[in-house]
Amino acid sequence: MSLISKSAVEQVQLLQSGQLSSVELAQAYLDQIETHDAEIQAFLHVDRDSALQQAADIDQRRQSGEDVGPLGGLPVAIKDLLCSRGEPTTCASKMLENYRPPYDATVVRRLKEAGAVLIGRTNMDEFAMGGSCENSAYQTTTNPWDTTRIPGGSSGGAAACVAASMAPLSVGSDTGGSIRQPAALCGVTGLKPTYGRVSRYGLIAFASSLDQIGPIARSVEDTALLLETLAGHDPLDSTSINTATPHYTENLSQPLDGLTVGLVTDYFEKELDPDVAAAVREAARVYESLGAKIQEVSLPHSQYGIATYYVIAPSEASSNLARYDGAHFGYRTDEKAMYEELAAERAAMTDEEAEAKLDGPLIRMYRKTRSEGFGAEVKRRIMLGTYALSSGYYDAYYLKALKVRRLIVNDYLAAFKQVDVLLGPVTASPAAPLGHYKNDPLGLYLTDLFTVGANLAGIPGISVPCGESSAGLPIGLHLQAAPLEEERLLRAAYMFQNATDWQTRRPELSTT
Amino acid sequence: MTSQPYKMVIGLEVHVQLATESKLFCRCSTKFGAPPNTQTCPVCTGTPGALPVLNRHAYQLSMKVALALNCEIPKFTKWDRKQYYYPDLPKGYQISQFDLPMSQNGYLAISDPKDQFAAKRVGIIRAHLEEDAGKSIHDEQAGTADTRIDLNRCGTPLLEIVSEPEMYSPLEAKAYLDELKLLLTYLGVSDCNMQEGSLRVDANVNLHIPDDDSTDDEPIATPIVEVKNMNSFRAVERALAYEADRQWEVWQETGQRIGDVPKQTRGWDESAQVTRAQRSKEESSDYRYFPDPDLVPVVVTDTEIEAVRSELGEFPAALRSRLEETYGIKPYDSDVLVNQGRELVDYYIELAESCGDGKLASNWVQQDVLRHLNEQEIAVSEFAVRPLALSELLGKVKGGQLDTSRGREVLGEMIESGGSVTEAMTKLGIAEVDDSELMDLCHQLIESNPKIVADIQSGNLKAAGALIGQAKQKNPNVNPSRVREICIDIASKS
């Protein structure tokens with residue numbers, strides 16, 4: 001078995017026992033990136049020298065007897081929206097092309113303290129808006145299982161790099177399914193924690209009340225290992241929950257006695273791909289065979305999830321993205337060209353009244369900067385959100401959405417009185433071909449159908465591999481649990497993983 | 001004012017910077033005057049990914065003000081984003097409070113010691129907490145029309161206090177502002193420095209004109225105008241007076257009523273002493289308020305409210321009444337003393353208690369101590385003569401050992417040298433003249449001034465004044481009233 005096909009948990013053991021150096025491990029992954037990322041395009045930024053230097057430092061500290069932390073020497077890829085002091089942090093947007101944050105995100109600090117080797121920054125949909133990675137201003141990540149298909153998104157690079165063995169662990173963010181959906185489409189495991197479990201400080205915001213950082217890995221145990229480092233209260237984030245973080249890896253392999261699994265009937269009423277429906281129903285049977293009780297439950301308001309989400313998320317985004325105006329950081333339109341344009345427009349004016357209506361330099365700078373710096377999907381969502389928050393529309397859209405959100409939360413709370421975890425599909429179908437959603441933004445929105453509920457309700461959800469389509473594409477199983485029940489969620493997922501071999505399958509990468 | 005054919009209606013919005021060490025949502029210093037952009041961090045500069053965390057101390061300070069303004073403190077309030085684009089607002093929104101302010105429904109009592117208006121309560125609609133924006137510094141040197149941005153002020157806690165439109169003259173508005181500023185100073189929550197921008201005032205003003213044609217006595221209201229850019233309370237007073245005249249003229253010309261035209265914003269031009277229409281904002285003010293998802297709502301407990309209430313101390317109005325009742329001084333005098341701030345009041349109380357004469361103490365504090373403080377531009381804490389020393393001096397004045405003018409000389413010397421009453425008197429060569437010496441002196445005067453003696457004997461007691469002058473020439477330390485007393489006594493017996 002090659003080094004990079006081992007699990008992160010095994011690699012940590014080898015590092016700790018001295019059988020493997022961090023430099024060797026980093027080297028192996030960097031080589032894999034070198035060989036395959038030209039085709040997969042998972043990474044926006046890899047600094048080979050920096051990664052090897054970090055690894056060498058860890059090796060040296062370990063040799064001198066220092067505690068190098070629970071991830072000591074393990075490479076970790078991070079999504080390009082987590083601030084790293086002095087490192088490029090672009091959110092896959094032209095707007096932040098040359099932006100380097102002056103500080104580390106809390107999770108980046110925690111990763112460094114845990115001894116992680118930050119190996120590279122992964123591609124995503126611009127500002128995390130999208131589900132295909134095709135909204136990146138820089139490159140399109142492909143699906144390692146079939147490079148003519150999308151890897152999913154927005155954490156597409158984060159999922160693809162793990163699937164292609166270019167990193168053992170990867171950090172993504174999930175606002176409406178952005179960890180779970182690409183994990184499902186790329187055949188890896190991805191977890192969205194409870195809202196507030198992981199600090200958002202230094203996560204460049206898309207929709208603040210929905211965004212949550214989480215781990216992507218090849219197995220449930222690797223996912224648990226990374227979550228232990230990411231999770232924890234942070235006084236710098238007011239929405240961070242002040243509660244102790246359980247040791248997720250500790251009791252992971254212990255099956256849950258008397259587990260009740262809720263089968264969400266509403267999910268099967270939708271247009272589900274037959275392969276996906278079969279795989280998910282089969283997963284329910286696996287749980288049954290493990291002694292779990294299967295109970296049908298309904299989330300009656302889940303049908304309003306997409307509508308609710310696509311009012312709340314763009315509303316918050318329209319506000320969060322107001323700061324990209326060219327005044328303080330990031331992209332600014334070419335000022336010389338702007339003044340020339342203004343002068344030309346003025347010269348062409350014949351009457352004074354019309355001239356007075358021309359945008360002056362400040363407004364013009366804002367307008368041109370934002371028109372040029374943002375991609376089409378980001379602009380679409382800013383417009384949606386601006387509209388929904390406008391005077392006269394607020395009550396009908398934003399306020400109404402908040403009320404429906406409350407009903408969706410109540411559905412979940414009622415369901416979790418009856419069952420321990422909810423079971424369903426992550427996506428309606430396996431990975432679509434690249435370009436499939438090019439002229440169909442609404443179609444892409446609808447792919448979030450099964451995942452947005454967890455974000456709206458703030459509950460944890462995990463995607464684990466549970467099958468393969470007739471075309472050989474991975475299918476993901478979606479498990480959701482009550483707030484702060486990550487431990488139960490991971491143990492339930494482990495039970496399934498232990499009884500199946502879906503997570504061990506790897507795509508065959510071309511060797512061009 | 002009352003002779004005007006209309007009633008002025010004024011509401012005031014006051015922004016007060018709270019005197020916290022650090023900003024409202026980060027730990028940067030709020031100190032005024034640091035070099036531009038040196039008191040900033042990722043949070044207050046709106047750096048991507050940074051998040052706000054409430055400074056609870058700022059919340060408690062604002063609660064202090066709200067309680068002093070007799071406001072209700074809701075148990076649950078939240079933060080909202082007020083969104084607009086401007087270069088000194090780096091996030092593109094200001095964190096403020098929209099529909100659930102931290103306090104509401106209070107009042108501030110105002111009165112005028114000269115009784116130019118009847119004592120009244122001005123309602124407070126709400127007081128809410130928000131973060132301040134940065135400063136745009138427009139560099140208008142020839143050729144370089146640059147704007148520079150200083151974000152030091154960005155995130156400084158600001159309390160916006162909105163009054164009901166219940167002030168009916170510039171004088172009332174001025175009294176409201178004076179009393180509010182005094183209250184804030186007593187509470188120690190702000191330095192209220194208008195020059196440095198720690199207190200800012202906007203006024204909403206219109207006229208109510210009796211409607212002769214109306215059957216229900218409802219007056220005609222003219223369009224409301226918001227007046228900005230007033231840099232002192234005097235400027236507020238003048239701008240309001242100007243606005244009343246201007247609006248009356250406009251009404252006579254156009255007959256425009258409220259609702260006929262959009263609300264106008266006018267700026268006060270201090271040098272020209274006029275208000276001028278400001279260019280209306282690019283967009284009409286749709287701030288797209290919505291709850292800030294980065295912050296959690298604030299939940300306030302009764303215990304917390306009571307803890308803040310217990311630290312409030314005595315308010316100016318209560319203090320005035322106490323001084324009047326305890327020390328027998330007039331409302332005018334208590335007003336002067338209390339308006340100088342708590343430090344001076346404490347000085348006065350110590351002096352009055354120690355010398356046992358509140359009125360005398362009040363006179364000396366107002367006429368002598370205050371004059372000196374004003375001349376030297378110093379605080380009472382820096383005044384060299386402490387209350388007990390001054391009290392000793394007042395004892396001598398009261399007991400007749402020193403007359404008022406000599407007392408002043410002694411006080412002057414005490415201020416100069418920092419010494420005690422006795423030391424100052426010695427230095428000035430003021431020795432108390434004993435009675436036998438005084439008798440001898442008076443006998444000499446009677447003998448050498450037969451004409452004056454005759455005048456006194458004929459009942460013209462005023463004539464004795466001339467003897468006092470002569471006595472002082474011979475010995476400057478004599479007590480004039482004693483000289484007068486003794487000379488009249490000798491003259492009438494001889």
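Modeller: The largest nonpolar core has 222 residues, a nonpolar core being a set of buried Ala, Val, Leu, Ile, Met, Phe, Trp, Tyr and Cys residues joined through C-beta atoms within 7 Å. A residue is buried if 20 or more other C-beta atoms, placed from the backbone, lie within 10 Å of its own. Those with the most contacts inside this core are A:Val76, A:Val117, A:Ile119, A:Cys161, A:Leu479, A:Ala493 and B:Tyr176. Helix α1 (residues 56-68) of chain B gives the most to the core, with eight residues; helices are DSSP runs (H or I, at least four residues), numbered from the N terminus. A second, separate core of 30 residues includes B:Leu344, B:Val369, B:Leu393 and B:Leu411.

The model is predicted: local features need pLDDT of at least 70 and side-chain atom pairs pLDDT 80 or more, while totals for chains, interfaces and linings use all residues. Residues are numbered from 1 along each chain as its sequence is written, and chains are lettered from A and ligands numbered from 1 in the order in which they are written.

Leaving aside neighbours within four places in sequence, A:Val117 is in contact (C-beta atoms, placed from the backbone, within 7 Å) with residues including A:Ser22, A:Ala51, A:Ile58, A:Leu74 and A:Val76.

Where the chains meet, the contact takes 33 residues from chain A and 26 residues from chain B. On the chain A side, α10 (305-320), α13 (361-373) and α14 (376-389) each give two or more residues, and α10(A) provides the largest share, three residues.

Methods
Two residues are in contact if their C-beta atoms, placed from the backbone, lie within 7 Å. A residue is buried if 20 or more other C-beta atoms lie within 10 Å of its own, exposed if 12 or fewer, and partly exposed in between; C-beta atoms are placed from the backbone.
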